[in-house]
Amino acid sequence: MKKTRTLELKNKLGMHARAAASFVKVAQKFQSRIYLERNGQTVDGSSILDILTLGCPYGGKLTVKAEGIDAALAIDELEKLIENKFGEE
Amino acid sequence: MSADQTTKTFVLKGLGVSPGIAIGRCYRFDPLDSQIPFYKLKDKSLIPKEVLRFRKALKDSEKQLLDIQRKLKKAKITEPIYVIDVHILILKDKLFSNRTVKYIRDQSVNAEWALRMTLDHYQQVFEGVLDDYISSRVSDVQYVVQRILRNLSGEKHEIVWEVGNNGVIVVSQDISPADTAQMKLDKILGFATDTGGRTSHTAIVARSLELPAVVGLDDVTRFARTDDEVIVDGTAGMVVINPYPDMLKRYEEKKRHYDAASDEYLKFGRQAAVTRDHHRVQIGCNIEFVEEIPSAVTHGAENIGLYRTEFLFIYRDDLPTEDDHFNNYCQVVTDKNLAWATIRTFDLGGDKFSHAQKQTKELNPQMGMRAIRFCLKEVDMFKTQLRAIWRASALGKIKILFPMISSVEEVRQAKKIMYEARQELIEEGIKNIPGKMEVGAMIEVPSAVVIADKLAQEVDFFSIGTNDLIQYSLAIDRANERLAYMYEPLHPAVLRMIKSVVDAAHKAKIEVAMCGEMAGDPLCVPVLLGMELNELSMNHLAIPRIKKIIRESSLEESKSVLKKALTFSTASEVRAFVHSYVAKRFPDEFCAEDD
């Protein structure tokens with residue numbers, strides 16, 4: 001199963017260290033492989049360094065892709081995380 | 001080594017961030033030992049072993065970080081925990097470890113070399129990130145690499161202090177929370193670091209342990225070697241390496257004086273600030289960090305008169321959560337020795353730059369978008385703090401103080417948001433939120449002085465912030481050294497303003513405190529006593545002496561001193577008069593050098 005969703009970063013600091021850490025932690029809960037895409041660059045969603053180097057700022061658009069049996073679940077939960085501004089504000 | 005001719009004395013000047021004098025042996029703390037071996041593996045058969053060695057160092061590093069995290073959690077230090085989280089995730093990052101393993105395999109280099117190449121790679125990638133904040137996070141990768149390198153070298157991780165039997169002076173580039181978590185703090189006499197400022201971790205730790213510390217010395221790590229004799233003068237912001245005998249003697253003498261004086265004065269700290277004619281003044285303490293509370297109590301603070309909360313924002317890279325606020329406020333309000341805590345809502349902007357809140361450059365930040373103005377604009381950030389304050393007020397008495405008030409509208413708006421925050425908490429079912437909290441206005445803008453009678457109708461107390469009030473009313477940029485001579489608390493205009501604020505407050509039957517530096521200036525005590533301020537709040541070291549002077553004063557006499565002081569036309573006349581008065585009246589307290 002493949003799922004794709006494009007989301008906007010609403011937390012003030014963008015995809016900074018703490019946010020990236022929360023993202024990786026959630027992504028790793030699932031069997032599906034998670035990818036993040038921004039401006040044509042795709043990175044591994046379980047690599048905190050890759051995510052950080054995407055340099056996604058506040059208001060930036062980010063495409064989340066999940067591939068695997070729990071892809072739908074994974075993408076829902078990651079969307080929730082991003083929508084909730086990583087629980088920061 | 002015999003009588004060592006190569007020993008040279010170095011005197012370095014830095015920023016004293018924790019007062020006192022420490023004399024002891026240097027311990028050079030270096031998170032990354034500079035002697036890293038780089039070599040090619042002799043033949044390919046050694047590769048699997050090298051990979052294993054790397055993997056083991058990764059595992060060991062992770063275990064240590066988890067350990068440190070547990071310790072910090074126990075100590076309820078929440079801020080650095082997430083940083084450690086990030087470090088653990090980097091350690092577990094497959095792309096990071098696979099890249100290193102690949103270097104070992106493809107190029108037959110040792111793990112240290114491979115790791116170095118991985119770091120170089122990430123340094124390059126991070127440099128390409130446009131966002132400044134994110135690109136600076138390469139420091140996290142560096143930190144992780146350093147830790148792995150340390151494990152590869154097989155170094156012991158509990159830092160053992162075998163140098164000086166009587167404790168050591170830690171000399172380092174900088175000290176991180178994780179570093180201190182591994183140190184035996186009771187073996188440390190003082191700190192000296194290359195980098196850092198008043199809010200750096202070293203400074204916070206030193207103040208909380210009441211150990212002398214000097215930071216920002218630039219290159220103390222270049223001059224000081226382990227086992228060198230070192231003097232740290234945290235009061236003057238100086239470090240001496242290998243002092244010559246006479247100098248050492250002078251400093252030992254100085255240290256005795258300092259220690260004796262503080263012990264002697266602590267006695268007065270425990271007594272109440274009551275004049276001979278039974279007029280009582282409440283003595284508060286200004287703090288920036290919860291770590292300062294124990295010192296505040298031992299020096300005789302009766303309450304926290306000013307808790308500056310902006311440092312919650314500055315000592316970190318992202319915005320503090322409601323719980324981050326709450327955890328700090330809990331510690332401020334639950335100390336049984338303190339009657340209450342006045343929490344000032346954050347004064348961001350101005351001279352205190354926060355990394356978290358990127359702001360557009362202002363030509364005149366002191367008069368810019370800061371303090372209450374900023375809060376009324378960034379309502380969400382403001383509410384996060386207000387909610388935490390309400391929650392903490394269930395555990396102990398809190399007075400809330402709004403900074404930089406210049407109009408009645410600001411007070412009304414701030415109060416409205418404050419009560420909205422309360423309503424939200426109630427609707428969310430949070431229990432024990434009190435019905436009201438005392439609200440105060442900081443009086444530090446001249447317009448607030450002029451309309452003090454109107455402001456007094458809106459709030460429960462005033463707190464006069466003399467630092468800004470002087471700066472704004474005399475139009476002196478505090479940061480401008482060429483104008484420093486004009487900064488004068490005893491300027492007739494300043495005295496009149498303070499007087500009119502106190503009178504307006506008392507007429508409206510509300511209390512008035514002072515929390516600027518002036519409140520802790522011994523010379524100003526008679527004048528301030530004469531004003532009948534209800535509370536003086538100051539840094540903890542000033543408390544014992546101020547209490548002593550108050551106990552030897554009388555209200556009646558101070559009133560006449562004030563009356564006379566208000567008759568002069570110039571600041572220098574006021575100063576000369578006050579000085580001659582205190583020199584005669586308190587000869588022990590004001591000797592010649594106290595000018």
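# A quick tour of chains A and B

Chain A has three helices and four strands, where helices (H or I, at least four residues) and strands (E, at least two) are DSSP runs, numbered from the N terminus. This is a predicted model, in which local features need pLDDT of at least 70 and side-chain atom pairs count only at pLDDT 80 or more, while totals for chains, interfaces and linings use all residues. Residues are numbered from 1 along each chain as its sequence is written, and chains are lettered from A and ligands numbered from 1 in the order in which they are written. The model scores ipTM 0.86 and pTM 0.61.

**Chain A by itself**

- Starting at the N terminus, the elements of chain A run β-α-β-β-α-β-α.
- Of the 89 residues in chain A, 47% are buried. A residue is buried if 20 or more other C-beta atoms lie within 10 Å of its own, exposed if 12 or fewer, and partly exposed in between, with C-beta atoms placed from the backbone.
- Take the contacts in chain A between residues at least 6 apart in sequence: 73% of them join residues at least 24 apart. Two residues are in contact if their C-beta atoms, placed from the backbone, lie within 7 Å.

**Where the two chains meet**

- Chain A puts 19 residues into the contact, and chain B puts in 27 residues.
- On the side of chain A that touches chain B, the elements giving two or more residues are helix 1 (17-27) and helix 2 (48-54) of chain A.
- Helix 2 of chain A gives the most to that side, with five residues.
- Sorted by class, the side of chain A that touches chain B has eight nonpolar, five polar and six charged residues. Here Ala, Val, Leu, Ile, Met, Phe, Trp, Tyr, Cys and Pro count as nonpolar, Asp, Glu, Lys and Arg as charged, and the others, Gly among them, as polar.

- Chain B averages a pLDDT of 86, and 90% of the residues score at least 70. pLDDT is the predictor's confidence in each residue, from 0 to 100.
- Residues 1-5 of chain B have a pLDDT below 50, and this stretch has zero contacts in the model beyond near neighbours in sequence.
- Residues 157-164 of chain B also have pLDDT under 50, and for them the model has 16 contacts beyond four places in sequence.
- Where pLDDT is low, the predicted coordinates should not be read in detail.

**Helix pairs in chain B**

- Two packed helices are described by the angle between their axes and the distance between the axes. Axes are lines fitted to C-alpha atoms, for helices over the stretch in contact, and angles run from 0 to 180 degrees between N-to-C directions.
- Helix 1 (residues 47-74) and helix 2 (residues 81-91) of chain B pack at about 165°, with their axes 10 Å apart. That makes helix 1 of chain B roughly antiparallel to helix 2 of chain B; angles under 35 degrees count as roughly parallel, over 145 as roughly antiparallel, 65 to 115 as roughly perpendicular and the rest as oblique.
- Residues in that contact include B:Leu58, B:Leu65 and B:Leu72 from helix 1 of chain B, and B:Ile81, B:Ile84 and B:Leu91 from helix 2 of chain B. By class, this contact has nine nonpolar, three polar and two charged residues.
- Helix 4 (residues 111-127) and helix 6 (residues 138-152) of chain B pack at an angle of about 175°, again with axes 10 Å apart. Helix 4 of chain B is therefore roughly antiparallel to helix 6 of chain B.
- Among the residues making that contact are B:Leu115, B:Leu119 and B:Phe126 of helix 4 of chain B, and B:Val141, B:Val145 and B:Leu152 of helix 6 of chain B. The classes here come to 11 nonpolar, two polar and one charged residues.
- Helix 19 (residues 466-473) and helix 20 (residues 492-507) of chain B have axes that come within 10 Å and cross at roughly 125°, so helix 19 of chain B and helix 20 of chain B are oblique to each other.

**Two residues with positive phi**

- B:Ser108 isn't a glycine, yet has a positive phi of about 50°. B:Ser108 sits in the loop between helix 3 (94-107) and helix 4 of chain B, and counts as partly exposed because there are 18 C-beta neighbours inside 10 Å.
- B:Asp218, not a glycine either, has a positive phi of about 70°. B:Asp218 lies in the loop between strand 6 (213-215) and helix 9 (220-223) of chain B, and with 12 C-beta neighbours inside 10 Å, B:Asp218 counts as exposed.
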